[in-house]
Amino acid sequence: MDSPVVLGIESSCDETGAGLVRDGRLLGHAVASSMDEHARYGGVVPEIAARAHVHALTPVVRRALDEAGLRMSDIGAVAVTTGPGLSGALQVGLAGAKSLAYALDVPLYGVHHLAGHVAADTLEHGPLPDPCMVLIVSGGHTSLLLVRDLARDPIVHLGDTLDDAAGECFDKVARVFGLPYPGGPAIDRAARDGDPSAVPFPRPLTGPRDAAHAHSFSFSGLKTAAARWAEAHAGRPLPVADGAASLQEAVADVLTRKAVAACREHGVGTLVVVGGVAANSRVRALAEERCRAAGIALRVPPLRLCTDNGAMIAAVGDLLVHAGAEPAPLNVSIDPSAPLEFASLHPVGAVFGRAA
């Protein structure tokens, strides 16, 4: 029997994504972003995001099918992000996925958003090594994970950010620097003309007294230091390029230093860096440099698979299908604050019910 084509649907924030995967191979995917609608507010507005998903979901699924040269009837399973994320946005994606799964009479899988980011790399580089260390860096998440079999084994959560995530730090500092939203790409562009050693920004939780937080991150203090530096230039031109380059260097230094140290501590030979901030040029370059020096293999998805997309959710669904995982029950609901313990989520009952 042929393996099924898995449709993945992602709607946790401001991107509406649909992807089609079979046997670990990406057949087609499409993404619609409502980012321009949020730009004037300097961040994502949940109500605007949810309405945008309602309008974009069907066209995005059809575009993914067209790219793959497939029809709706070719879909053999549906996977959808059920958490974490914005409540209204997740509801739209789940409602659409349930409708499709019911109409096509195919199994439905609820997927953890962060597991999707991890699986995105498999679409480019094949199955993940067992074990591997995963660094997830995005606007809402900065986490270190010890991953074995993504579909079957529990995910060992080593640490998270204690306050602002790396991408959130970029967004907030970019606004202070007078750069556009989203801040990550804007900081990256501005940094090209700057000196990364111009401003001695702090490296939070990397000192000898921070052993208890070896796998944790903190970017709130770095954000504040950048804001104070900008304020000190009141009445004078702000050397934005130097500030951006120095901030980017500090973030990349902390992320890669901790990730490589975690690999060494746990005897892991492969580091996988995923999430929106994995698209940052300095993060990628410094990770490559430090992994090479430590004898660690580095895997980073292509830029198009770093930000939120449906292909990564389809990739998890494909892994779950091949692992023989139980589909989600018909009353599966969203879990906006879902803990990352397993790739598959089966929260039931109330809308805000925790994962079973």
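Colleague: What does Asp23 count as, going by relative accessibility?

Modeller: Asp23 comes out at 47%, so it counts as partly exposed. Before we go on, remember that this is a predicted model, where local features need pLDDT of at least 70, side-chain atom pairs count only at pLDDT 80 or more, and totals for chains, interfaces and linings use all residues. Residues are numbered from 1 along each chain as its sequence is written, and side-chain values use heavy atoms, with hydrogens and water left out.

Colleague: Where does Asp23 lie, and what is its phi near?

Modeller: Most residues other than glycine have a negative phi, and most peptide bonds are trans. Asp23 has a positive phi, near 50°, although it is not a glycine. It lies in the loop between strand 2 and strand 3 (helices, H or I with at least four residues, and strands, E with at least two, are DSSP runs numbered from the N terminus). Leu205 also has a positive phi, near 60°. That residue is in the loop between helix 7 and helix 8 and, at 17% relative accessibility, counts as buried.

Colleague: Which residues does a cis peptide bond join?

Modeller: Gly83 and Pro84, with omega about -10°; Pro84 is in the loop between strand 4 and helix 3. The peptide bond from Tyr181 to Pro182 is cis too, with omega near 0°, and Pro182 lies in the loop between helix 6 and helix 7.

Colleague: On to sheets. What is the strand order of the open sheet of 5 strands?

Modeller: Strands of a sheet pair through backbone hydrogen bonds, either parallel or antiparallel. Here the order is 3-2-1-4-5, with mixed pairing (two strands pair if DSSP finds at least two bridges between them). Strand 3 (25–33) and strand 5 (108–112) are the edges, each pairing on one side only. Neighbouring strands are turned by 20° against each other on average, direction ignored. Strands 1 (5–10) and 2 (15–22) run antiparallel, with 5 bridges; Gly8 has Gly19 in strand 2 as its bridge partner.

Colleague: Which helix packs on the sheet?

Modeller: Helix 3 (87–104), which touches strand 1, strand 4 (75–83) and strand 5 (contact means heavy atoms within 4.5 Å). Its direction makes about 160° with that of strand 4; axes are lines fitted to C-alpha atoms, for helices over the stretch in contact, and angles run from 0 to 180 degrees between N-to-C directions.

Colleague: How many residues does the largest nonpolar core have?

Modeller: In soluble globular proteins, nonpolar side chains tend to be buried together. The largest core has 46 residues (a core is a set of buried Ala, Val, Leu, Ile, Met, Phe, Trp, Tyr and Cys joined through side-chain atoms within 4.5 Å). Elements giving it two or more residues include strand 6 (132–137), helix 8 (220–231) and helix 9 (240–266), and helix 9 gives the largest share, 12 residues. Among the residues with the most contacts inside this core are Met133, Leu135 and Leu271. Beyond its neighbours within four places in sequence, Leu271 contacts residues including Met133, Leu135, Ala259 and Cys263. A second, separate core of 33 residues includes Ala77, Val111, Ile136 and Val272.

Colleague: And how many aromatic pairs does a search of the whole structure find?

Modeller: A pair of aromatic rings is described by the distance of the centres and the angle of the planes. The search finds 3 pairs (ring centres of Phe, Tyr and Trp, taking the six-membered ring of Trp, lie within 6.5 Å; planes under 30 degrees apart are stacked, over 60 edge-to-face, the rest tilted). Phe177 and Trp229 are edge-to-face, 5.6 Å centre to centre with 65° between the planes. Phe177 lies in the loop between helix 6 and helix 7 and Trp229 in helix 8, so the pair ties together parts 52 residues apart in sequence. Phe201 and Trp229 have centres 6.1 Å apart and planes at 85°, so that pair is edge-to-face. Phe177, Phe201 and Trp229 form one aromatic cluster.

Methods:
Buried < 20%, exposed > 50% of the residue type's maximum accessible area, 1.4 Å probe, protein only.
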